[in-house]
Amino acid sequence: MLDHTHAPEAASWIDAALGHADFPIQNLPMGVFRRDGGAPRVGVAIGDRVLDARAAVELGLLDGLEPASRQALAAPTLNAWMALPAAARTALRHAVFALLDANHPQRARHAALAGQLLHPQTECEMLLPADIGDYTDFYAGIHHATQVGKLFRPDNPLMPNYKHVPIAYHGRASSIRPSGAPVRRPTGQVRTAKGVDVPALRPSAQLDFELELAIWIGPGNPLGAPVPLASAAGHAAGYGLLNDWSARDIQAWEYQPLGPFQGKNFASTVSPWIVTADALAPFRCAPMARGSDDPELLPYLRDDADSATGGLAVALEARLSTARMRELALDPHRLAASDTRHLYWTPAQMVAQHTLGGCNLRPGDLLGSGTISTPDDGGHGSLLELTRGGTRPIELPSGETRLFLEAGDEILLTAYCQRDGYPRIGFGESRARIID
(Lines give C-alpha, C1' and ligand atoms only; values in the text may rest on other atoms or scores of the structure.)
Protein backbone atom coordinates (compact mmCIF):
# COMPACT_ATOMS: atom_id res chain seq x y z
CA MET A 1 0.00 0.00 0.00
CA LEU A 2 1.10 3.56 -0.67
CA ASP A 3 2.12 5.63 2.35
CA HIS A 4 4.33 8.57 3.34
CA THR A 5 7.52 6.68 2.46
CA HIS A 6 6.55 6.88 -1.24
CA ALA A 7 5.86 10.63 -1.24
CA PRO A 8 7.76 12.31 -4.10
CA GLU A 9 8.61 15.30 -1.92
CA ALA A 10 10.28 13.15 0.74
CA ALA A 11 14.01 13.85 1.08
CA SER A 12 16.92 12.59 3.14
CA TRP A 13 19.47 14.58 5.12
CA ILE A 14 22.06 12.60 3.13
CA ASP A 15 22.80 14.87 0.18
CA ALA A 16 23.95 12.01 -2.04
CA ALA A 17 20.49 10.45 -1.84
CA LEU A 18 18.73 13.48 -3.33
CA GLY A 19 17.74 12.58 -6.86
CA HIS A 20 19.83 9.41 -6.80
CA ALA A 21 18.95 7.25 -9.83
CA ASP A 22 18.75 4.02 -7.84
CA PHE A 23 18.63 4.64 -4.10
CA PRO A 24 16.63 7.70 -3.01
CA ILE A 25 14.91 7.61 0.37
CA GLN A 26 11.79 6.18 -1.30
CA ASN A 27 13.65 2.93 -2.09
CA LEU A 28 15.70 1.72 0.94
CA PRO A 29 16.64 -1.75 -0.36
CA MET A 30 18.10 -4.32 2.01
CA GLY A 31 21.43 -6.09 1.65
CA VAL A 32 24.34 -7.69 3.49
CA PHE A 33 27.83 -6.19 3.45
CA ARG A 34 31.17 -6.29 5.17
CA ARG A 35 34.14 -3.96 5.39
CA ASP A 36 37.83 -4.84 5.53
CA GLY A 37 37.07 -8.55 5.78
CA GLY A 38 34.92 -8.09 8.89
CA ALA A 39 31.74 -9.87 9.88
CA PRO A 40 28.67 -9.64 7.62
CA ARG A 41 26.16 -6.95 8.59
CA VAL A 42 22.71 -5.97 7.36
CA GLY A 43 22.74 -2.73 5.40
CA VAL A 44 20.30 -0.40 3.67
CA ALA A 45 21.27 1.44 0.48
CA ILE A 46 20.74 5.21 0.60
CA GLY A 47 22.29 7.25 -2.20
CA ASP A 48 25.91 6.17 -2.59
CA ARG A 49 26.09 5.07 1.05
CA VAL A 50 25.25 1.96 3.05
CA LEU A 51 23.41 2.45 6.32
CA ASP A 52 24.76 0.01 8.90
CA ALA A 53 21.50 -1.34 10.35
CA ARG A 54 23.19 -3.12 13.24
CA ALA A 55 24.95 0.09 14.24
CA ALA A 56 21.60 1.91 14.19
CA VAL A 57 20.19 -0.72 16.55
CA GLU A 58 23.20 -0.55 18.86
CA LEU A 59 22.97 3.25 19.00
CA GLY A 60 19.37 3.03 20.12
CA LEU A 61 18.01 4.70 17.00
CA LEU A 62 15.49 1.96 16.24
CA ASP A 63 14.17 1.27 19.74
CA GLY A 64 10.59 1.71 18.57
CA LEU A 65 10.76 -1.56 16.66
CA GLU A 66 9.67 -4.89 18.08
CA PRO A 67 12.52 -7.04 19.49
CA ALA A 68 12.26 -9.54 16.60
CA SER A 69 12.78 -6.73 14.07
CA ARG A 70 15.79 -5.36 15.92
CA GLN A 71 17.25 -8.84 16.17
CA ALA A 72 16.73 -9.31 12.43
CA LEU A 73 18.76 -6.16 11.73
CA ALA A 74 21.59 -7.43 13.95
CA ALA A 75 21.78 -10.79 12.11
CA PRO A 76 24.48 -11.70 9.54
CA THR A 77 21.91 -12.47 6.80
CA LEU A 78 18.46 -11.25 5.82
CA ASN A 79 16.70 -14.55 6.54
CA ALA A 80 15.34 -13.29 9.86
CA TRP A 81 14.12 -10.08 8.21
CA MET A 82 12.42 -12.14 5.50
CA ALA A 83 10.73 -14.28 8.13
CA LEU A 84 9.01 -11.26 9.69
CA PRO A 85 5.32 -10.77 8.93
CA ALA A 86 4.62 -8.25 6.20
CA ALA A 87 3.35 -5.70 8.75
CA ALA A 88 6.59 -5.95 10.72
CA ARG A 89 8.68 -5.45 7.56
CA THR A 90 6.59 -2.36 6.79
CA ALA A 91 7.14 -1.00 10.29
CA LEU A 92 10.88 -1.56 9.91
CA ARG A 93 10.87 0.36 6.63
CA HIS A 94 9.03 3.23 8.34
CA ALA A 95 11.61 3.31 11.15
CA VAL A 96 14.57 3.41 8.78
CA PHE A 97 12.82 6.06 6.68
CA ALA A 98 12.34 8.21 9.80
CA LEU A 99 16.01 7.84 10.71
CA LEU A 100 17.04 9.19 7.29
CA ASP A 101 14.23 11.72 6.81
CA ALA A 102 15.36 15.34 6.40
CA ASN A 103 12.20 16.52 8.19
CA HIS A 104 12.54 14.31 11.25
CA PRO A 105 12.57 16.31 14.53
CA GLN A 106 15.84 14.61 15.52
CA ARG A 107 17.51 15.10 12.17
CA ALA A 108 20.50 16.90 13.74
CA ARG A 109 21.14 14.04 16.14
CA HIS A 110 20.89 11.46 13.37
CA ALA A 111 23.22 13.43 11.08
CA ALA A 112 25.75 13.81 13.90
CA LEU A 113 26.03 10.03 14.02
CA ALA A 114 26.62 9.70 10.28
CA GLY A 115 30.23 8.63 10.78
CA GLN A 116 29.08 5.58 12.75
CA LEU A 117 26.04 4.81 10.61
CA LEU A 118 27.10 5.31 7.00
CA HIS A 119 29.80 3.84 4.78
CA PRO A 120 30.59 4.58 1.12
CA GLN A 121 29.33 1.78 -1.08
CA THR A 122 32.74 1.68 -2.73
CA GLU A 123 34.23 0.56 0.61
CA CYS A 124 31.69 -2.21 1.17
CA GLU A 125 31.88 -5.77 -0.10
CA MET A 126 28.37 -6.90 -0.93
CA LEU A 127 27.53 -10.50 -0.05
CA LEU A 128 24.64 -12.85 -0.78
CA PRO A 129 21.62 -11.29 0.94
CA ALA A 130 20.44 -14.56 2.47
CA ASP A 131 21.31 -18.13 3.22
CA ILE A 132 19.45 -19.60 0.25
CA GLY A 133 17.89 -22.92 1.19
CA ASP A 134 16.19 -23.64 -2.14
CA TYR A 135 16.09 -22.12 -5.61
CA THR A 136 13.38 -22.62 -8.22
CA ASP A 137 13.48 -21.16 -11.72
CA PHE A 138 10.22 -20.47 -13.51
CA TYR A 139 9.59 -20.08 -17.25
CA ALA A 140 7.14 -17.17 -17.01
CA GLY A 141 8.49 -15.02 -19.85
CA ILE A 142 6.14 -16.03 -22.65
CA HIS A 143 8.04 -14.25 -25.41
CA HIS A 144 11.26 -16.05 -24.47
CA ALA A 145 9.39 -19.35 -24.34
CA THR A 146 7.85 -18.66 -27.75
CA GLN A 147 11.05 -17.53 -29.43
CA VAL A 148 13.10 -20.42 -28.08
CA GLY A 149 10.30 -22.82 -28.94
CA LYS A 150 10.35 -21.60 -32.55
CA LEU A 151 14.01 -22.61 -32.84
CA PHE A 152 13.10 -26.23 -32.14
CA ARG A 153 9.38 -26.46 -32.95
CA PRO A 154 8.58 -23.78 -35.56
CA ASP A 155 4.98 -24.92 -35.98
CA ASN A 156 4.23 -25.42 -32.26
CA PRO A 157 6.58 -23.26 -30.16
CA LEU A 158 4.61 -23.36 -26.87
CA MET A 159 3.95 -26.68 -25.20
CA PRO A 160 0.25 -27.41 -24.51
CA ASN A 161 0.57 -26.83 -20.77
CA TYR A 162 2.28 -23.41 -20.94
CA LYS A 163 -0.84 -21.23 -20.63
CA HIS A 164 -2.43 -23.47 -18.03
CA VAL A 165 0.28 -23.73 -15.37
CA PRO A 166 3.40 -21.78 -14.31
CA ILE A 167 6.26 -24.07 -15.40
CA ALA A 168 9.44 -24.32 -13.31
CA TYR A 169 12.36 -26.55 -12.39
CA HIS A 170 14.31 -26.85 -9.16
CA GLY A 171 17.77 -25.32 -9.49
CA ARG A 172 20.93 -25.46 -7.43
CA ALA A 173 21.14 -23.00 -4.53
CA SER A 174 24.76 -23.79 -3.64
CA SER A 175 26.17 -22.24 -6.83
CA ILE A 176 24.33 -18.90 -6.57
CA ARG A 177 26.81 -16.03 -6.21
CA PRO A 178 26.49 -12.27 -5.63
CA SER A 179 27.24 -9.65 -8.24
CA GLY A 180 30.96 -9.37 -8.93
CA ALA A 181 31.87 -13.03 -8.41
CA PRO A 182 33.39 -14.55 -11.57
CA VAL A 183 31.71 -17.38 -13.47
CA ARG A 184 33.87 -20.30 -14.59
CA ARG A 185 33.00 -21.93 -17.91
CA PRO A 186 31.59 -25.40 -17.23
CA THR A 187 32.70 -28.66 -18.81
CA GLY A 188 30.16 -31.29 -19.74
CA GLN A 189 28.91 -33.77 -22.30
CA VAL A 190 27.98 -32.19 -25.63
CA ARG A 191 27.07 -33.58 -29.03
CA THR A 192 30.05 -34.02 -31.36
CA ALA A 193 28.01 -32.67 -34.29
CA LYS A 194 24.51 -31.46 -34.99
CA GLY A 195 22.10 -34.38 -35.16
CA VAL A 196 24.75 -36.85 -33.98
CA ASP A 197 23.81 -38.65 -30.78
CA VAL A 198 27.38 -39.32 -29.70
CA PRO A 199 28.77 -37.08 -26.95
CA ALA A 200 32.20 -35.73 -26.13
CA LEU A 201 33.46 -34.22 -22.88
CA ARG A 202 34.53 -30.62 -23.47
CA PRO A 203 34.15 -27.05 -22.14
CA SER A 204 30.89 -25.45 -23.14
CA ALA A 205 31.17 -23.46 -26.37
CA GLN A 206 27.66 -22.00 -26.00
CA LEU A 207 27.73 -20.14 -22.71
CA ASP A 208 24.74 -17.81 -22.37
CA PHE A 209 23.11 -15.33 -19.99
CA GLU A 210 19.46 -15.00 -18.98
CA LEU A 211 17.76 -11.76 -17.93
CA GLU A 212 15.46 -12.57 -15.01
CA LEU A 213 13.69 -11.13 -11.99
CA ALA A 214 14.66 -12.58 -8.60
CA ILE A 215 11.82 -13.10 -6.11
CA TRP A 216 12.91 -13.50 -2.48
CA ILE A 217 10.54 -15.48 -0.27
CA GLY A 218 9.43 -14.07 3.05
CA PRO A 219 7.55 -15.95 5.80
CA GLY A 220 6.89 -19.09 3.77
CA ASN A 221 4.35 -21.80 4.64
CA PRO A 222 4.17 -25.06 6.61
CA LEU A 223 4.64 -28.35 4.78
CA GLY A 224 1.29 -29.51 3.41
CA ALA A 225 -0.35 -26.08 3.57
CA PRO A 226 -0.69 -24.50 0.10
CA VAL A 227 -0.61 -20.70 -0.10
CA PRO A 228 -3.84 -19.31 -1.61
CA LEU A 229 -3.34 -16.87 -4.45
CA ALA A 230 -5.16 -14.14 -2.51
CA SER A 231 -2.39 -14.10 0.12
CA ALA A 232 0.55 -15.25 -2.02
CA ALA A 233 1.91 -11.75 -2.77
CA GLY A 234 2.60 -11.28 0.94
CA HIS A 235 5.07 -14.15 0.80
CA ALA A 236 7.43 -12.20 -1.48
CA ALA A 237 9.65 -10.09 0.78
CA GLY A 238 11.42 -8.38 -2.10
CA TYR A 239 12.88 -8.51 -5.57
CA GLY A 240 16.21 -8.35 -7.35
CA LEU A 241 18.00 -9.31 -10.54
CA LEU A 242 18.99 -12.83 -11.53
CA ASN A 243 21.30 -14.04 -14.27
CA ASP A 244 20.68 -17.75 -14.66
CA TRP A 245 23.76 -18.70 -16.68
CA SER A 246 23.18 -21.46 -19.22
CA ALA A 247 25.51 -23.77 -21.13
CA ARG A 248 23.28 -24.32 -24.14
CA ASP A 249 25.27 -27.17 -25.71
CA ILE A 250 25.39 -29.13 -22.45
CA GLN A 251 21.72 -28.36 -21.87
CA ALA A 252 20.71 -29.53 -25.35
CA TRP A 253 22.24 -32.96 -24.83
CA GLU A 254 20.99 -33.61 -21.29
CA TYR A 255 17.59 -31.95 -20.90
CA GLN A 256 15.43 -34.83 -22.13
CA PRO A 257 13.65 -36.46 -20.40
CA LEU A 258 14.05 -34.76 -17.00
CA GLY A 259 15.03 -31.16 -17.80
CA PRO A 260 17.99 -28.92 -16.87
CA PHE A 261 20.94 -30.26 -14.91
CA GLN A 262 24.65 -29.63 -15.65
CA GLY A 263 23.81 -26.97 -18.20
CA LYS A 264 22.32 -24.81 -15.42
CA ASN A 265 23.79 -25.78 -12.06
CA PHE A 266 27.31 -24.34 -12.41
CA ALA A 267 26.42 -20.73 -11.53
CA SER A 268 23.69 -18.13 -11.10
CA THR A 269 24.32 -14.47 -10.24
CA VAL A 270 22.01 -12.30 -8.12
CA SER A 271 22.09 -8.59 -7.43
CA PRO A 272 23.01 -7.92 -3.80
CA TRP A 273 20.25 -5.41 -3.00
CA ILE A 274 16.70 -6.58 -2.33
CA VAL A 275 14.13 -3.97 -3.33
CA THR A 276 11.34 -4.53 -0.84
CA ALA A 277 7.77 -5.32 -1.77
CA ASP A 278 6.80 -2.11 0.06
CA ALA A 279 9.11 0.03 -2.08
CA LEU A 280 7.49 -1.35 -5.24
CA ALA A 281 3.94 -0.41 -4.23
CA PRO A 282 3.77 2.56 -6.68
CA PHE A 283 4.86 0.33 -9.53
CA ARG A 284 2.27 -2.40 -9.22
CA CYS A 285 0.22 -2.85 -12.37
CA ALA A 286 -2.13 -5.22 -14.11
CA PRO A 287 -0.30 -8.30 -15.40
CA MET A 288 0.00 -9.15 -19.06
CA ALA A 289 -3.45 -9.41 -20.61
CA ARG A 290 -4.45 -12.92 -21.58
CA GLY A 291 -5.56 -13.35 -25.17
CA SER A 292 -9.15 -14.06 -26.11
CA ASP A 293 -8.12 -17.55 -27.21
CA ASP A 294 -6.14 -18.29 -24.05
CA PRO A 295 -7.63 -21.05 -21.86
CA GLU A 296 -9.51 -20.22 -18.70
CA LEU A 297 -7.33 -20.71 -15.65
CA LEU A 298 -8.24 -23.14 -12.91
CA PRO A 299 -9.77 -21.33 -9.91
CA TYR A 300 -6.67 -21.52 -7.70
CA LEU A 301 -4.78 -19.35 -10.23
CA ARG A 302 -7.51 -16.68 -10.41
CA ASP A 303 -7.88 -13.74 -8.04
CA ASP A 304 -9.43 -10.33 -8.70
CA ALA A 305 -6.76 -8.38 -6.79
CA ASP A 306 -3.92 -10.22 -8.52
CA SER A 307 -5.58 -9.60 -11.89
CA ALA A 308 -5.72 -5.88 -11.10
CA THR A 309 -2.33 -5.19 -9.48
CA GLY A 310 -0.38 -8.44 -9.40
CA GLY A 311 2.10 -7.35 -12.05
CA LEU A 312 5.22 -5.20 -11.71
CA ALA A 313 6.46 -2.44 -14.01
CA VAL A 314 10.23 -2.88 -13.85
CA ALA A 315 12.41 -1.82 -16.80
CA LEU A 316 15.28 -4.27 -17.40
CA GLU A 317 18.51 -4.02 -19.36
CA ALA A 318 21.33 -6.40 -20.22
CA ARG A 319 24.74 -5.19 -21.43
CA LEU A 320 27.91 -6.91 -22.58
CA SER A 321 31.50 -5.76 -22.12
CA THR A 322 34.38 -7.71 -23.66
CA ALA A 323 38.04 -7.57 -22.66
CA ARG A 324 38.77 -5.75 -25.92
CA MET A 325 36.03 -3.18 -25.28
CA ARG A 326 37.46 -2.43 -21.86
CA GLU A 327 40.93 -1.96 -23.39
CA LEU A 328 39.40 0.57 -25.80
CA ALA A 329 37.47 2.27 -22.96
CA LEU A 330 34.17 1.52 -24.72
CA ASP A 331 30.92 1.51 -22.80
CA PRO A 332 29.18 -1.86 -22.40
CA HIS A 333 27.04 -2.72 -25.39
CA ARG A 334 23.31 -2.98 -24.74
CA LEU A 335 22.00 -6.40 -25.69
CA ALA A 336 18.41 -6.09 -24.51
CA ALA A 337 15.88 -3.70 -23.00
CA SER A 338 12.87 -5.50 -21.56
CA ASP A 339 10.24 -5.13 -18.84
CA THR A 340 8.65 -7.37 -16.23
CA ARG A 341 5.28 -6.50 -17.73
CA HIS A 342 6.11 -9.19 -20.30
CA LEU A 343 5.73 -11.93 -17.67
CA TYR A 344 2.79 -14.21 -18.40
CA TRP A 345 2.48 -15.24 -14.75
CA THR A 346 2.56 -12.97 -11.69
CA PRO A 347 4.90 -13.55 -8.73
CA ALA A 348 1.86 -14.46 -6.63
CA GLN A 349 0.78 -17.09 -9.15
CA MET A 350 4.30 -18.54 -9.02
CA VAL A 351 4.12 -18.79 -5.22
CA ALA A 352 0.64 -20.33 -5.35
CA GLN A 353 1.75 -22.89 -7.93
CA HIS A 354 4.95 -23.72 -6.05
CA THR A 355 3.03 -24.54 -2.88
CA LEU A 356 -0.01 -26.14 -4.52
CA GLY A 357 1.03 -29.70 -3.71
CA GLY A 358 2.05 -28.81 -0.16
CA CYS A 359 5.67 -27.79 -0.80
CA ASN A 360 6.92 -25.57 2.04
CA LEU A 361 8.72 -22.37 1.11
CA ARG A 362 11.13 -20.94 3.69
CA PRO A 363 12.50 -17.45 4.37
CA GLY A 364 15.39 -16.84 2.02
CA ASP A 365 14.24 -19.22 -0.70
CA LEU A 366 14.73 -17.77 -4.16
CA LEU A 367 12.45 -17.90 -7.19
CA GLY A 368 13.59 -16.88 -10.66
CA SER A 369 11.00 -15.55 -13.09
CA GLY A 370 12.56 -17.12 -16.15
CA THR A 371 14.03 -15.08 -19.00
CA ILE A 372 12.03 -11.91 -19.67
CA SER A 373 12.07 -11.02 -23.37
CA THR A 374 9.99 -8.68 -25.50
CA PRO A 375 7.99 -9.75 -28.55
CA ASP A 376 10.30 -7.70 -30.81
CA ASP A 377 14.05 -7.90 -31.47
CA GLY A 378 14.92 -5.12 -29.01
CA GLY A 379 14.48 -7.14 -25.87
CA HIS A 380 15.74 -10.69 -26.32
CA GLY A 381 16.89 -11.72 -22.85
CA SER A 382 19.41 -14.35 -23.96
CA LEU A 383 22.00 -14.90 -26.66
CA LEU A 384 20.12 -18.01 -27.74
CA GLU A 385 17.39 -15.67 -28.99
CA LEU A 386 19.64 -12.80 -30.07
CA THR A 387 21.74 -15.03 -32.34
CA ARG A 388 18.86 -17.25 -33.50
CA GLY A 389 20.32 -20.32 -31.87
CA GLY A 390 23.93 -19.37 -32.63
CA THR A 391 23.45 -18.71 -36.37
CA ARG A 392 23.54 -14.88 -36.51
CA PRO A 393 26.51 -13.17 -34.84
CA ILE A 394 26.08 -9.97 -32.84
CA GLU A 395 28.32 -7.12 -33.97
CA LEU A 396 29.99 -5.16 -31.17
CA PRO A 397 31.40 -1.58 -31.16
CA SER A 398 34.93 -3.01 -30.90
CA GLY A 399 34.59 -4.79 -34.25
CA GLU A 400 34.20 -8.14 -32.51
CA THR A 401 31.28 -10.49 -32.97
CA ARG A 402 29.62 -12.91 -30.60
CA LEU A 403 27.41 -15.96 -30.91
CA PHE A 404 27.92 -16.95 -27.28
CA LEU A 405 30.10 -15.71 -24.43
CA GLU A 406 33.88 -15.90 -24.47
CA ALA A 407 36.54 -15.64 -21.76
CA GLY A 408 36.70 -12.12 -20.33
CA ASP A 409 33.15 -11.24 -21.38
CA GLU A 410 31.15 -9.52 -18.66
CA ILE A 411 27.36 -9.37 -18.46
CA LEU A 412 25.76 -6.47 -16.59
CA LEU A 413 22.06 -6.54 -15.68
CA THR A 414 20.31 -3.42 -14.36
CA ALA A 415 16.72 -2.45 -13.61
CA TYR A 416 14.65 0.50 -12.47
CA CYS A 417 11.07 1.62 -11.90
CA GLN A 418 9.73 4.98 -13.06
CA ARG A 419 6.21 6.40 -13.04
CA ASP A 420 4.75 9.88 -13.29
CA GLY A 421 4.41 11.42 -9.85
CA TYR A 422 6.98 9.18 -8.16
CA PRO A 423 10.77 9.20 -8.00
CA ARG A 424 12.73 6.65 -9.96
CA ILE A 425 14.09 3.75 -7.91
CA GLY A 426 16.66 1.19 -9.05
CA PHE A 427 17.88 -2.30 -8.29
CA GLY A 428 21.63 -1.78 -8.48
CA GLU A 429 23.33 -4.32 -10.72
CA SER A 430 24.07 -7.96 -11.30
CA ARG A 431 27.53 -8.19 -12.86
CA ALA A 432 29.77 -11.18 -13.54
CA ARG A 433 32.76 -11.96 -15.79
CA ILE A 434 33.46 -15.24 -17.55
CA ILE A 435 36.71 -17.02 -16.78
CA ASP A 436 37.99 -20.25 -18.38
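Strands here are DSSP runs of at least two residues marked E, numbered from the N terminus. The model is predicted.

**Stop 1: serine 321.** Select strand β20, residues 315-321; serine 321 lies in this strand. Serine 321 counts as buried because its relative accessible area is 5%, and the cut-off is under 20%. Now show its contacts beyond four places in sequence: Arg326, Pro332, Gly408, Asp409 and Glu410.

**Stop 2: histidine 342.** Move to the loop between β21 (333-339) and α12 (347-355), where histidine 342 sits. Draw a distance to leucine 2, 340 residues away along the chain: the C-alpha atoms are 24 Å apart.

**Stop 3: the largest pocket.** Its volume is about 1,600 Å³. To find the centre, select Val148, Phe152, Gln251, Ala252 and Tyr255, the closest to it of 46 lining residues. Then colour β6 (135-138), α7 (142-152), β7 (168-170), β10 (187-191) and α9 (248-254), each of which gives two or more residues to the lining. Which element gives the most to the lining of the largest pocket? It is α7, with 6 residues. By class, this lining divides into 24 nonpolar, 12 polar and 10 charged residues.

**Stop 4: the second largest pocket.** About 630 Å³ of space lies here. Select Met1, Ala233, Gly234, Ala277 and Arg284, the closest to the centre of 31 lining residues. Elements giving two or more residues are α4 (86-100), α8 (229-232), β14 (236-243) and α10 (304-309). The most come from α4, with 6 residues. Colour this lining by class: 18 nonpolar, 6 polar and 7 charged.

Notes
Residues are numbered from 1 along each chain as its sequence is written. This is a predicted model: local features need pLDDT of at least 70, side-chain atom pairs count only at pLDDT 80 or more; totals for chains, interfaces and linings use all residues. Side-chain values use heavy atoms; hydrogens and water are left out. Helices (H or I, at least four residues) and strands (E, at least two) are DSSP runs, numbered from the N terminus. Buried means under 20% relative accessible area, exposed over 50%, partly exposed in between (1.4 Å probe, protein chains only). Contact means heavy atoms within 4.5 Å. On a 1 Å grid over the protein atoms alone, a cavity is a set of points where a 1.4 Å probe fits but cannot get out, and a pocket is an open set with protein on both sides within 12 Å along at least five of seven lines; lining residues have an atom within 4 Å of a point. Grid points are joined across faces, edges and corners, and a volume is the space filled by probe spheres set on the points. Ala, Val, Leu, Ile, Met, Phe, Trp, Tyr, Cys and Pro count as nonpolar, Asp, Glu, Lys and Arg as charged, and the others, Gly among them, as polar.
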